[in-house]
Amino acid sequence: MTTETLVFDSKQELLTTAAARFVDLVTRAQAERGVASVVLTGGSNGIGILSTLAADSGSIDWSRVDIYWGDDRFVPADDPERNSGQAREALLDKVPVDPGRVFPMAPSDGPFGDDIDAAAADYAAILAGRSSDGVAPHFDLHLLGMGGEGHINSLFPHRPATLETEKSVVAVEDSPKPPPRRITLTLPVVNRARSVWFLVAGADKAEAVAAAHAGADPADWPCAGAHGTEETLWFLDDAAASKLD
């Protein structure tokens with residue numbers, strides 16, 4: 001497993017480079033395995049890379065991409081805070097994805113109603129059904145944003161979801177960042193991905209970036225616990241990288 005850190009002068013340069021490498025990774029995965037599997041993330045950078053990809057959508061055979069989410073807000077389907085809705089608006093509604101290969105997490109007005117535990121269990125079953133070992137796919141790529149306190153997906157410092165070692169998907173009822181109810185993949189599933197990419201910009205993320213690079217305890221800094229089986233790649237702007245040695 002290799003770890004690479006790339007530092008850019010601007011957020012736009014970060015996103016442009018990440019999008020180009022996304023195209024290359026997906027194309028190679030499709031050549032090797034027929035289908036590429038990608039886990040999307042929200043936030044300004046997570047949606048930003050999707051918007052950048054939409055501008056050059058012809059470079060990928062989108063009909064052969066399995067699309068998952070690392071987490072989502074457990075709110076109604078039409079809530080603008082839904083990661084899946086933002087992803088559709090930025091990219092998925094603009095490219096010829098196969099609807100049968102797109103796997104959003106259930107919203108609070110979906111088939112399980114307000115039962116967040118049932119919705120989380122359903123997503124775990126979806127992952128198990130798409131895997132060779134009944135746990136979860138070995139995703140080709142898991143994209144991650146990051147909060148200033150080091151949270152990734154909806155895994156926050158010193159929270160039960162971050163410490164989970166058995167379940168692949170869990171419900172979060174008390175997120176310190178609103179909205180409080182979310183569904184998230186756990187670190188063991190993140191770490192099944194061949195490639196894990198961090199898309200991080202801003203000086204408020206610098207301390208978390210430095211902690212992860214220094215091998216901090218994931219309980220304190222969840223970002224430190226995410227690694228790809230083949231590569232871990234950090235895309236940083238100058239501000240986010242400012243506290244690296």
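Visitor: How do the residues of the lining of the second largest pocket divide into nonpolar, polar and charged?

Guide: They divide into 5 nonpolar, 4 polar and 6 charged. Here Ala, Val, Leu, Ile, Met, Phe, Trp, Tyr, Cys and Pro count as nonpolar, Asp, Glu, Lys and Arg as charged, and the others, Gly among them, as polar. A word on the source: this is a predicted model, where local features need pLDDT of at least 70 and side-chain atom pairs count only at pLDDT 80 or more, while totals for chains, interfaces and linings use all residues. Residues are numbered from 1 along each chain as its sequence is written, and side-chain values use heavy atoms, leaving out hydrogens and water.

Visitor: What volume does the second largest pocket have, and which residues are closest to its centre?

Guide: Rolling a probe the size of a water molecule over the atoms shows where empty space is left. On a 1 Å grid over the protein atoms alone, a cavity is a set of points where a 1.4 Å probe fits but cannot get out; a pocket is an open set with protein on both sides within 12 Å along at least five of seven lines, and lining residues have an atom within 4 Å of a point. The second largest pocket has a volume of about 240 Å³. Its lining has 15 residues, and Ser-37, Arg-130, Pro-137, His-138 and Arg-194 are the closest to the centre. The elements giving two or more residues to this lining are β2 and β3 (65-69).

Visitor: How much space lies in the largest pocket, and which residues lie nearest its centre?

Guide: The largest pocket holds about 300 Å³ of space. Of its 20 lining residues, Gly-42, Gly-43, Met-146, His-151 and Lys-177 lie nearest the centre. Two or more lining residues come from each of α2, β4 (71-73) and α3, and the largest share, 4 residues, is from α2. By type, the lining has 3 nonpolar, 12 polar and 5 charged residues.

Visitor: Where is His-151, and is His-151 buried or exposed?

Guide: Buried means under 20% relative accessible area, exposed over 50%, and partly exposed in between (1.4 Å probe, protein chains only). His-151 is in the loop between β5 and α5 (160-163), and counts as buried because its relative accessibility is 9%. For contact, the rule is heavy atoms within 4.5 Å. Neighbours within four places in sequence aside, His-151 is in contact with Gly-145, Met-146, Phe-156, Pro-157, Lys-177 and Pro-222.

Visitor: Which helix holds Ser-84, and what is Ser-84 in contact with?

Guide: Helices (H or I, at least four residues) and strands (E, at least two) are DSSP runs, numbered from the N terminus. Ser-84 is in α3 and is buried because its relative accessibility is 6%. Leaving aside neighbours within four places in sequence, its contacts are Trp-69, Asp-72 and Pro-104.

Visitor: What span does helix α2 reach, and which elements do its buried residues pack against?

Guide: The expected span of a helix is 1.5 Å times one less than its number of residues. Helix α2 (residues 43-54) has 12 residues and reaches 17 Å from first C-alpha to last, close to the expected 16 Å. Its buried residues, among them Ile-47, Ile-49 and Leu-53, pack against α1 (11-33), β2 (36-40), α3 (83-90), β5 (141-144) and β8 (195-200).

Visitor: How many residues has α1, and what follows α1?

Guide: α1 has 23 residues and reaches 32 Å, close to the 33 Å expected. Its buried residues include Leu-14, Phe-22 and Gln-30. Gly-34 follows α1, with a positive phi near 90 degrees.

Definitions and conventions:
Points joined across faces, edges and corners; volume = space filled by probe spheres on them.
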